[in-house]
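Here is a friendly first tour for anyone who has just opened this entry. Take a look at the sequence and the fold, then read on.

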Amino acid sequence: MSDVIRIFVEKRDGFNVEAKHVLWDIRHNLRMMSVTDLRYIVRYDIEGLSREEFDKAKGIVLSEPNADMIYEETLPVEDGWRVFAMEYLPGQYDQRGDSAEQCVQLLTQGERCKVLTARVICLKGDITDDDQKKIEEYLINPVESRLASLDKPETLDMETPVPENVKRVEGFITWNDDEMAEYFGSMGFAMTLSDLKFCRDYFRDTEHRDPSVTELRVIDTYWSDHCRHTTFLTRLSEIEIEKAALGNVIEDALKEYYATRDEVYGKDTKRIVSLMDMALMGMKSLKKKGMIPDLDESEEINACSIEVPVTIDGKTEKWLVQFKNETHNHPTEIEPFGGAATCLGGAIRDPLSGRAYVYQAMRVTGSGDPTTPFDKTMHGKLPSRKITTGAAQGYSSYGNQIGLATGQVVELYDKGYVAKRMEIGAVIGASPKENVIREVPTPDDVIVLLGGRTGRDGCGGATGSSKAHTESSIETCGAEVQKGNPPTERKIQRLFRNPNVAKLIKRCNDFGAGGVCVAIGELADGLTVDLDKVTKKYDGLDGTELAISESQERMAVVLDKNDVDKFIEYAADENLEATAVAVVTENPRLTMNWRGDTIVDLSREFLNTNGVTQVAKAYIAAPKAEDCYREACPEELEGLPFEEALTKNMGRLNVCSQIGLCERFDASIGAATVIMPFGGKTQLTPQEAMAAKIPLPTMLPQ
């Protein structure tokens with residue numbers, strides 16, 4: 001007999017908002033008006049609770065009696081209804097299940113039980129098998145989910161075969177170019193074939209051995225565009241500007257760049273010309289002239305940081321203010337909720353690793369037309385509506401859970417975003433400067449892994465964001481999208497806000513891109529990492545997965561060996577796991593051990609080459625005066641009378657109200673534009689508006 005207890009939780013009529021939303025979505029976007037009713041039920045399978053403990057938990061943790069109906073073991077379904085269930089893929093993080101486990105443990109004060117969740121959909125109407133399959137394919141994103149069995153399992157234990165030892169790529173250093181090309185094509189690397197050949201030459205001439213699979217994956221991660229900006233660091237061997245009326249403007253700008261470059265580096269510089277150099281040249285010029293004295297510089301690779309005076313209770317202190325923006329275009333495109341959620345988590349993690357508390361966020365996104373019918377969706381892409389609504393839900397869910405106000409939310413609609421979604425999150429954080437200790441790690445310092453555990457979600461995220469994608473990416477890149485866990489990141493925020501904790505940290509890095517190999521690997525030149533000590537969400541992960549799996553909610557901190565126990569105690573007070581996993585060494589090599597085998601042993605000098613510098617020629621098309629967007633009239637408004645054009649313009653996606661989007665986000669209202677009864681407008685603070693008794697519906701947040 002199974003020890004698993006099954007419970008179904010369904011919202012009562014009036015509370016069943018999600019069921020009504022999904023029904024509307026199916027009827028209007030799939031155009032299946034034959035679906036007349038829909039039920040949306042959350043299913044919990046629970047193992048490890050006594051009957052008494054379960055009876056206590058079902059009405060406190062798993063449901064709200066005033067809003068939910070509960071069915072035990074069997075879901076009552078009338079004849080004529082079609083039923084299917086959806087669940088996360090094995091290895092994908094299930095926040096609902098994880099939260100349920102934690103809450104039940106708090107309730108019982110016993111061992112942690114196991115909880116698996118699924119969403120059950122019941123459909124009523126004149127629905128064929130083909131109709132049901134179409135609905136399933138619409139609701140289930142294969143990147144993260146799958147159809148779930150309707151039968152109750154005997155046990156919730158995952159079958160986790162013991163992973164094999166990490167293999168060596170035998171013969172690698174002897175392969176000719178054709179053999180290298182064949183291997184390159186089979187591995188899905190983000191690095192180029194030239195990079196792989198460079199690796200062959202390094203292992204042949206310097207290491208005198210074949211590499212392990214893990215070493216090649218680690219190198220691929222280190223040299224990815226996401227971690228090392230290889231596209232922006234591509235050497236521009238030739239720059240040609242189109243000859244045209246406005247081409248002189250670009251030519252003058254290029255001449256100014258070259259002149260400033262000579263001023264900053266000297267005319268005999270060997271530095272390459274690249275997009276990154278162009279982007280930074282203005283700042284470097286200002287710095288050389290002493291015009292940005294408030295810039296905070298350090299060897300830590302975190303967010304942009306400036307020093308500002310802050311007056312608190314009449315006392316002026318030095319604070320560090322940190323800024324960061326994160327783009328998650330590809331992850332959001334293939335898994336909207338998780339991609340957008342970790343866009344915000346990714347923006348937060350950089351100031352956070354700089355020991356700053358993040359106070360506010362903003363979001364700018366670009367989408368295709370979400371009103372496009374489902375059957376007009378570009379092949380290999382999710383529908384624009386599914387992307388834009390799922391992304392808004394993911395970003396707002398993460399921000400609202402972590403307690404971060406998103407002050408500006410705006411979405412741009414253009415057909416150019418159909419092929420590639422734009423998802424940008426930006427944050428600002430700050431901390432007293434005295435709390436941020438930045439020291440150079442010394443031999444015998446210890447690296448502690450803090451926060452969430454390692455899972456398969458997030459494996460290859462950095463490389464996944466750095467390689468070209470095809471119409472099959474949605475089916476093959478699921479593991480690259482992390483599943484956010486905002487409560488854990490919030491705990492880290494609270495921990496780092498404690499000055500006693502912050503001052504113990506010599507250096508810190510986040511696990512957002514590259515996982516262990518980059519987060520720990522960037523902290524010091526010489527490191528020995530024990531992958532057996534890395535905490536896991538579940539068994540069955542091999543050494544390569546442990547080395548490259550990334551997440552927003554983990555930090556690597558460098559501590560003096562005498563401060564490790566004290567730091568772990570502080571972390572435990574915030575209900576955070578902290579484990580010593582690595583040691584700083586004198587030898588400038590990155591070494592990783594797993595199950596008694598050294599699976600990574602790379603020289604720092606080689607890693608720091610960042611691979612083969614890419615070379616490209618640039619051709620810049622001159623702008624055309626008639627393309628000036630300030631002068632352009634939208635195509636659908638051409639030739640219309642003013643009043644008709646004004647009315648139609650107000651209904652355009654890029655002009656009409658986005659209140660439905662904005663209301664998803666916790667936001668602080670700053671100055672408001674107040675529409676006056678006589679048609680004028682003025683600027684008032686919320687306090688002034690309330691004092692004047694201006695009704696809130698007329699206050700429009702800017």
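Helices here are DSSP runs of H or I with at least four residues, numbered from the N terminus. One of them is helix α22, which covers residues 642-650 and holds leucine 646. Keep in mind as you browse that this is a predicted model.

Is leucine 646 buried, partly exposed or exposed? Its relative accessible area is 41%, and buried means under 20% while exposed means over 50%, so leucine 646 counts as partly exposed.

**Inside the protein**

Now for the cores. The largest nonpolar core has 51 residues, and the members that touch the most others are Phe172, Ile520, Leu531 and Met592. Let's zoom in on isoleucine 520: leaving aside residues up to four places away in sequence, its contacts include Ile447, Phe511, Val529 and Ala556. Also on that list are Gly515, Leu527, Val581 and Ala582. There is a second, separate core too, made of 36 residues, with Val409, Val427, Leu559 and Ala571 among them.

**Charged pairs**

Side chains of opposite charge can pair when their charged atoms come close. How many salt bridges does a search of the whole structure find? The count is 50. Here are three of them:

| Salt bridge | N to O distance |
|---|---|
| Glutamate 307 and lysine 433 | 2.6 Å |
| Aspartate 601 and arginine 589 | 2.7 Å |
| Arginine 652 and glutamate 636 | 3.3 Å |

Glutamate 307 and lysine 433 link distant parts of the chain, 126 residues apart. Glutamate 307 sits in strand β8 (residues 304-312), and lysine 433 is in the loop between β12 and β13. Glutamate 307 is partly exposed at 24% relative accessible area, and lysine 433 is partly exposed as well, at 31%.

Aspartate 601 belongs to strand β19 and arginine 589 to strand β18, so this pair ties together parts 12 residues apart in sequence. With a relative accessible area of 24%, aspartate 601 is partly exposed, whereas arginine 589, at 17%, counts as buried.

Arginine 652 lies in the loop between α22 and α23, while glutamate 636 is in the loop between β20 and α22, 16 residues apart. Glutamate 636 is partly exposed, with 39% relative accessible area.

Finally, some charged residues team up in a network of salt bridges: Asp177, Lys197, Arg200, Asp201, Arg204 and Asp205.

Definitions and conventions:
Residues numbered from 1 in each chain as written. Predicted model: local features only at pLDDT ≥ 70, side-chain atom pairs only at ≥ 80, totals over all residues. Heavy atoms only, no water. Helix = DSSP H or I, 4+ residues; strand = E, 2+ residues; numbered from the N terminus. Buried < 20%, exposed > 50% of the residue type's maximum accessible area, 1.4 Å probe, protein only. Core = buried A, V, L, I, M, F, W, Y, C linked by side-chain atoms within 4.5 Å. Contact = heavy atoms within 4.5 Å. Salt bridge = Lys/Arg side-chain N within 4 Å of Asp/Glu carboxyl O.
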